[in-house]
Amino acid sequence: MATYERLRARHGPVAPVRLADDIEAWLVLGYRENLEVARTPSRFNRDSRNWRPFVEDRVPADSPLRPLTEWKPVCRFFDGEDHRRVRSALNDSMARFNRRGIRRHVSRYAGRLVDGFAGRGEADLIGEFVEHLPMLVMTQLFGLPDEEGPRLVAACKDVMDGADTAVDSNAYIVKVFQELVTRKRAQPGNDLASWLIGHEEGLSDLEVVQHLRVILVIANETTISLIASALRMVLTDARFRATLAGGHMTLPDAVEQVLWDEPPFLTLVGRWATGDTELGGQRIRAGDLMLMGIAAGNADPAIRPDLTVPMLGNRSHLAFGGGAHECPGQDISRAIADTGVDTLLSRLPDLRMSVAEDELHWNKAWVTRHLAALPVEFTPVRPASRTGTTTGTGAATGLLPEAAARAGAPVPGPQPQPEPVAPAPEPAPAPAAPAGLRGRVRRLLRR
């Protein structure tokens, strides 16, 4: 953000920048200028075949820019009637998802992930929870087998980071979806791939594959970043601790504030100038690449002179783009984020960070930024059973025996012949649990 402000002070709302392979572009820093680029396809369209470095053959075949800029038959590179046709298929297919069903998927997978570390009393939430939850949910929605998740997580990260292996990772993602489309044409199911294949707009196999690829890569990275930032905010930000304690902010409110302050995409690629024009006092040439500066635009002093003022109820941020190309899956991303965090906090209500906030580090790429790790500690609990209860000794409380004893809860002995028993009384809070956070979480979950 400091870099954006230096660029804004020197160049105004539009700044010249250089990307990988020493290729020039424009970074749009102003809120209004970002909306102008997004909403005027007659001046700035999505057809990357007009990009001058492509026309002049200056983008190497292995450039990390290619996965995000090379033209493909998907709606993010279309305008006009072509865009309407494929966007119609995409909107109609995504509208078929049952929102409650999505939240059930999220709760189930989030619970399984928590089970993996609940008994230890400590975890890195990024590596053990955040980086896996979105992909587990999306493989289910797309019609992919669960076992594809881990490899796809790594491949999507490569593409978004612009790593040396980005081209190979992109090819792997395409291969996975080519195989999926072949299977779903033969045996359609109740999933996004099948709905796109069967839509009346008649998308080709190539169009279906490429749309699934784009949705997966962008939605996965967006949601990882959103969950990570929301968790950090709930655990560390004094403004939200105070607001939650006062009962004025729900978890969805906190998620929306994250979309203002720490949008998952710092920049969006891209738009290309259709002719010579002017924007923000800069002379733009035909074929120039415009990078939409989402984070910079959200912090534009022209619309937010005081960044400490909460933006409660205001969804006019740029986090999901704007205009005809505004992200169609934004509500799914929100659902995964707030349901995932809700599930985590309800399972581990005394969750707290185990390092100081200034010790946190971020993974940074040219378009994204999210926490590299989020170490936490909590009172150990038993993994939940399939029915949502706990099993084994201490089942009535969920606490491990030693934690239950510290909390003053009864610890039953071995039962060779298990019999139904009345529910145990709710134990007193464990000494390690901060009362303030426990109370805030309870108020949060009642909303």
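**Sheets, helices and confidence**

Tutor: Let us begin with a single pair, bearing in mind that this is a predicted model: R18 stands opposite E24, which belongs to β2.

Student: And how do β1 and β2 pair, parallel or antiparallel?

Tutor: Strand β2, residues 23–28, pairs with β1 in the antiparallel sense, and six bridges join the two.

Student: What's the strand order in the sheet they belong to?

Tutor: The order is β1-β2-β8-β5-β3, an open sheet of five strands whose pairing is mixed. At its edges are β1 (14–19) and β3 (44–45), each of which pairs on one side only.

Student: Which strands does helix α1 touch?

Tutor: Helix α1, residues 2–11, packs on this sheet and touches β1, β2 and β5 (267–273), with its direction at about 125 degrees to that of β1. Helix α2, residues 31–39, lies across β1, β2, β3, β5 and β8 (289–293), and it runs at about 130 degrees to β8.

Student: Switching over, what order does the three-stranded sheet have?

Tutor: That open sheet runs β4-β12-β9 with antiparallel pairing, and its edge strands are β4 (122–124) and β9 (352–353). Two bridges link β9 to β12, residues 375–377, and M353 has V376 in β12 as its bridge partner.

Student: What does the protein chain average?

Tutor: The average pLDDT is 83, and 83% of the residues score at least 70.

Conventions. Residues numbered from 1 in each chain as written. Predicted model: local features only at pLDDT ≥ 70, side-chain atom pairs only at ≥ 80, totals over all residues. Heavy atoms only, no water. Pairing = 2+ DSSP bridges. Helix = DSSP H or I, 4+ residues; strand = E, 2+ residues; numbered from the N terminus. Contact = heavy atoms within 4.5 Å. Axes fitted to C-alpha atoms, helices over the stretch in contact; angles between N-to-C directions. pLDDT = per-residue confidence, 0-100.
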